[in-house]
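This report describes a single chain in terms of its domains, a helix pair and a sheet. Please look through the sequence and the structure first.

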Amino acid sequence: MKKDKLGAIRLTKQRKVILEELKKLNTHPTADEIYFIVKKRLPKISIATVYRNLKALSAAGYIITLKTAENQKRFDGNMQEHTHIRCVKCNKIHDIEGKIKLPQNYKNLKTNFDILGYNIYLYGICPNCL
Ligand SMILES: [Zn+2]
Ligand SMILES: [Zn+2]
C-alpha cells in the first residue's frame, strides 16, 4: 500500500483536491465556496462530503478553521505563521506575515479554565474599501 498518510488521516483523492484548491487561495473561503470550486474537478462530490473532509483536514492539522464574526466558518490552507486582519467594510480576511507577540501574563489571569491558547484578529479597512 502506498503511504500517503500524514497526521492522523489518510489523504483520499477528495481530500487532496480540497487541500490543493484551498492552498491556491488566500481568500479564506467558506465551505460553500470551496464546494463550488472543488465540484469543477470532482463533479460528483456533495456538500456534506466537503464539510466532513474540511473538518477532518482541520482536525489533522492540514488546514486552519477560522471562526469569524460572521456565523460561517472560513478555511485557510496557509500553514505559515501569520496574522489575520478583517476588513470591517467588506468582511474579507487578509493575511499579514508574522505573528503578534502577546504578553505571557495571560496565563496568570484568574480563571478556572485551563487556558490552551489565544486567537487574535486585527480589524481595519482594506485598501480596496479605502
Ligand atoms: Zn474591504
Ligand atoms: Zn490566513
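The sections below go from the domains to a helix contact and then to a sheet and its hairpin.

**Domains**

The model is predicted, not experimental. Its chain is divided into domain 1, residues 5-76, and domain 2, residues 82-124. Taken over C-alpha atoms, the centres of domain 1 and domain 2 are separated by 23 Å. Seven residues from domain 1 and five residues from domain 2 take part in the contact. On the side of domain 1 that touches domain 2, the residues divide into two nonpolar, three polar and two charged.

**The contact of α2 with α3**

Two packed helices are described by the angle between their axes and the distance between the axes. For α2 (residues 31-39) and α3 (residues 47-59), the axes come within 10 Å and cross at roughly 115°. The crossing in which α2 passes α3 is right-handed. From α2, the contact is made by Ala31, Ile34, Tyr35 and Val38, and from α3 by Ile47, Val50, Tyr51 and Leu54. By class, the residues of this contact of α2 with α3 are eight nonpolar, no polar and no charged.

**The sheet**

Strands of a sheet pair through backbone hydrogen bonds, either parallel or antiparallel. Here three strands form an open sheet with mixed pairing, in the order β6-β5-β7. The strands β6 and β7 are the edge strands, each pairing on one side only. On average, neighbouring strands of this sheet are turned by 35° against each other, direction ignored.

| Strand | Residues |
|---|---|
| β5 | 82-87 |
| β6 | 93-97 |
| β7 | 121-124 |

Strand β5 pairs with β6 in the antiparallel sense, and five bridges join the two. Which residue of β6 is the bridge partner of His84? The partner of His84 is Asp95. Further along this pairing, Arg86 stands opposite Ile93 in β6.

**The hairpin**

β5 and β6 form a hairpin with five residues between the strands.

**Summary**

To recap, the contact of α2 with α3 has eight nonpolar residues and no charged ones, whereas the side of domain 1 that touches domain 2 includes three polar and two charged residues. In the open sheet, β5 stands between β6 and β7 in the strand order.

Note on methods:
Residues numbered from 1 in each chain as written. Chains lettered and ligands numbered in written order. Predicted model: local features only at pLDDT ≥ 70, side-chain atom pairs only at ≥ 80, totals over all residues. Axes fitted to C-alpha atoms, helices over the stretch in contact; angles between N-to-C directions. Helix = DSSP H or I, 4+ residues; strand = E, 2+ residues; numbered from the N terminus. Left-handed = near helix turned anticlockwise from the far one by under 90°. Contact = placed C-beta atoms within 7 Å. Nonpolar A, V, L, I, M, F, W, Y, C, P; charged D, E, K, R; others polar. Pairing = 2+ DSSP bridges. Domains from an automatic or database assignment.
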